[in-house]
Amino acid sequence: MHIHKYEKWWLIFGTGSLIVFLIVVGIGAFHQGHQPPSAKAFIDPELVSETAPFDEPGLKKVEGKDWDYELVVVASAFYYDPGEVEIPKNSRVKIIATTKDVIHGFQIAGTNINMMLEPGYISEYVTTMNKTGEFLTVCNEYCGVGHHTMKSMIKVVD
Ligand code: CUA
């Protein structure tokens with residue numbers, strides 16, 4: 001069978017790129033231990049309001065943990081509970097969030113905090129609020145007609 005030389009080069013290039021890709025992914029996965037993030041905490045989305053800590057959304061001071069506060073957030077169409085919260089500057093905060101209905105986002109504008117809230121899963125993130133100001137939290141997953149109105153405010157105060 002005759003194969004044109006350009007076609008041969010193209011086959012070699014295609015196969016070669018595939019091998020390089022698999023080697024790169026393989027090194028990342030097996031040597032460096034990279035994995036996709038996996039959910040560690042689950043919740044019954046129908047029982048969010050009755051399940052601790054989501055039965056009492058808001059900011060709570062905690063003792064004896066690696067963080068000073070826990071910010072418990074419940075998202076539902078089309079708002080967050082709490083809608084506004086004040087956090088003292090330089091406190092270490094663990095955000096614990098979930099949704100009661102559909103997928104929502106939780107992005108704190110001006111920071112690199114950006115979580116997806118999925119029904120049945122609990123999303124967590126630990127951060128230090130070291131800048132004072134008002135931080136708008138927006139939903140960046142399209143969740144219905146009120147999606148664009150879905151927001152809350154985090155005020156970091158002295
Ligand atoms: Cu909630 Cu978009």
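I began with Asp44, which sits in the loop between helix H1 (5–31) and strand E1 (58–61). Helices (H or I, at least four residues) and strands (E, at least two) are DSSP runs, numbered from the N terminus. I noted that the model is predicted: local features need pLDDT of at least 70, side-chain atom pairs count only at pLDDT 80 or more, and totals for chains, interfaces and linings use all residues. Residues are numbered from 1 along each chain as its sequence is written, and side-chain values use heavy atoms, with hydrogens and water left out.

Buried means under 20%, exposed over 50%, and partly exposed in between (1.4 Å probe, protein chains only).

I stayed in the loop between H1 and E1 for Pro53. The peptide bond from Ala52 to Pro53 is cis, with omega near 0°.

I looked up a further cis bond, from Asp81 to Pro82, where omega is near 5°. Pro82 belongs to the loop between strand E3 (79–81) and strand E4 (84–88).

Next I checked Asn90, in the loop between E4 and strand E5 (91–99). Asn90 is not glycine, yet its phi is positive, near 65°. I wrote beside this that most residues other than glycine have a negative phi, and most peptide bonds are trans.

Last I turned to Phe13, in helix H1. Phe13 counts as exposed because its relative accessible area is 51%. How far apart are Phe13 and His147 in space? I read 45 Å, C-alpha to C-alpha, for a pair 134 residues apart in sequence.
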